[in-house]
Amino acid sequence: MILYLSLTATVLVLSVFVNNQIKSGPGIVLRQQLCSYVLLTGMFLLLAGVSACRLGVGNDYGEYLQIFTDISQGRHVSTEIGFNAVVLLVQYFFGTGEVSARILFAVFACGTVFFFLRAIYDQSKWFWYSLFLFMMQGYFFNSMTQVRYYFVLSIALYSMKFVLQKRWGSFLFWILFASLFHKTVLLVLPVYFAATWAWKKWHALPIAGFCATLLIFPEFYRRLIFLIYPFYENSIFDTGTTSLTNIVKCLGVLVLCLLYYKQAIKGDAANRFYFFLNIGALLLYVCCSFIPVVSRVGYYMNISNLFLIPRVLKKIPDRKQRLFFSAATAAAFVLYFAAFLYKAYGTDIRLLPYTDWIFH
């Protein structure tokens with residue numbers, strides 16, 4: 001735990017000095033930008049290094065070792081073609097032993113951290129606070145438990161900027177690329193596009209009707225899901241439960257946004273996009289408990305709070321209110337982080353104790 005706390009503190013201190021709001025012309029790098037790039041590189045090396053050097057950390061670490069073995073022996077695996085291709089490529093050059101396994105974990109650790117940091121640098125209006133939320137919500141640490149999923153989640157977060165810029169070709173490219181590693185990411189194609197719509201009050205009626213069908217006819221939707229993911233049916237992931245923590249989190253963000261809707265949401269296209277994604281996540285958690293591992297599906301949407309919360313806080317006109325809500329929100333997420341670390345010893349997570357292959 002000391003390592004995780006030290007890592008978090010160090011990364012957050014470095015992030016204070018990162019200024020991602022300075023823009024320069026093509027081919028020109030200002031001194032402050034260069035300083036920010038150096039700090040980002042340091043954060044990348046720290047985060048990626050801890051993730052890449054882990055040994056037996058994460059509840060699916062052993063499962064991935066078995067997948068690597070099955071792929072090398074030509075057996076059937078449920079992982080996607082892109083992931084399998086990367087595994088075979090690394091095994092071609094480094095063999096099928098422990099060395100190649102460590103390299104594979106390192107490759108995905110570096111890719112995941114890179115896209116997360118790049119997404120936050122490109123899209124956040126308050127870099128430190130966004131990175132603070134990223135660390136406090138456990139996204140980095142959880143990336144050591146679900147390798148493929150968090151790699152794809154980082155790309156989905158990165159791709160949000162292309163949606164806001166209406167660069168649909170780039171958005172489609174990155175999502176299709178990500179789907180080669182975890183096809184659940186294809187969900188964001190309609191969801192992110194829908195979040196850009198100019199929703200009206202009367203739209204609440206058909207949305208409510210659709211949500212009602214989710215509650216009344218869950219078996220119908222389950223059949224559709226299991227046509228794509230048959231191996232999830234009656235598995236350990238098919239629990240029929242939802243995430244109360246994520247519901248509370250989405251509700252908290254929703255209340256903050258509604259309090260300052262006119263100042264922060266109404267006239268800002270980017271904030272509306274993130275706002276609607278948060279609402280989508282809330283509806284998903286409330287109405288779709290029948291979806292296996294519904295939390296992972298919801299993360300594609302509510303991870304947008306990394307950008308939404310700081311942007312709303314920045315738009316609060318009254319200084320005292322701005323300081324109060326910034327501090328209160330930070331305190332809430334610190335408590336969330338403390339609870340996360342407390343549970344990290346659990347056998348269903350196994351993020352603690354941390355061990356690495358350098359000293360063990």
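Mentor: A residue is called buried when its relative accessible area is under 20%, exposed when it is over 50%, and partly exposed in between, using a 1.4 Å probe and protein chains only. The model is predicted, so to speak of local features a pLDDT of at least 70 is needed, side-chain atom pairs count only at pLDDT 80 or more, and totals for chains, interfaces and linings use all residues. Residues are numbered from 1 along each chain as its sequence is written, and side-chain values use heavy atoms, without hydrogens or water.

Let us start on the surface, where Leu-215, Ile-216, Phe-217, Phe-220, Leu-224 and Leu-227 make a nonpolar patch of about 680 Å² (residues with over 30% relative accessible area and no salt bridge, with nonpolar side chains joined within 5 Å and like charges within 9 Å; a salt bridge is a side-chain nitrogen of Lys or Arg within 4 Å of a carboxyl oxygen of Asp or Glu; areas come from the Shrake-Rupley method with a 1.4 Å probe). Helix H11 (204-216) and helix H12 (218-228) are the elements that each give two or more residues to this patch (helices are DSSP runs of H or I with at least four residues, strands are runs of E with at least two, numbered from the N terminus). The largest share, three residues, comes from H12, and Leu-227 has its place in that helix. Because its relative accessibility is 70%, Leu-227 counts as exposed.

In soluble globular proteins, nonpolar side chains tend to be buried together. Turning to the inside, the largest nonpolar core has 116 residues, and Phe-141 and Tyr-192 touch the most other members (such a core is a set of buried Ala, Val, Leu, Ile, Met, Phe, Trp, Tyr and Cys residues joined through side-chain atoms within 4.5 Å). Helix H8 (residues 147-164) gives this core its largest share, 13 residues. Beyond its neighbours within four places in sequence, Tyr-192 is in contact with Ala-156, Ser-159, Met-160, Val-163, Phe-171, Phe-273, Leu-277 and Tyr-300 (contact means heavy atoms within 4.5 Å).

The cysteines deserve a look as well, since the structure holds zero disulfides (pairs of cysteine sulfur atoms within 2.5 Å). For Cys-110, the nearest cysteine sulfur, that of Cys-53, is 9.3 Å away, and Cys-110 counts as partly exposed because its relative accessibility is 31%. For Cys-250, the nearest is that of Cys-257, 11 Å away, whereas Cys-250 itself is buried, with a relative accessible area of 0%.
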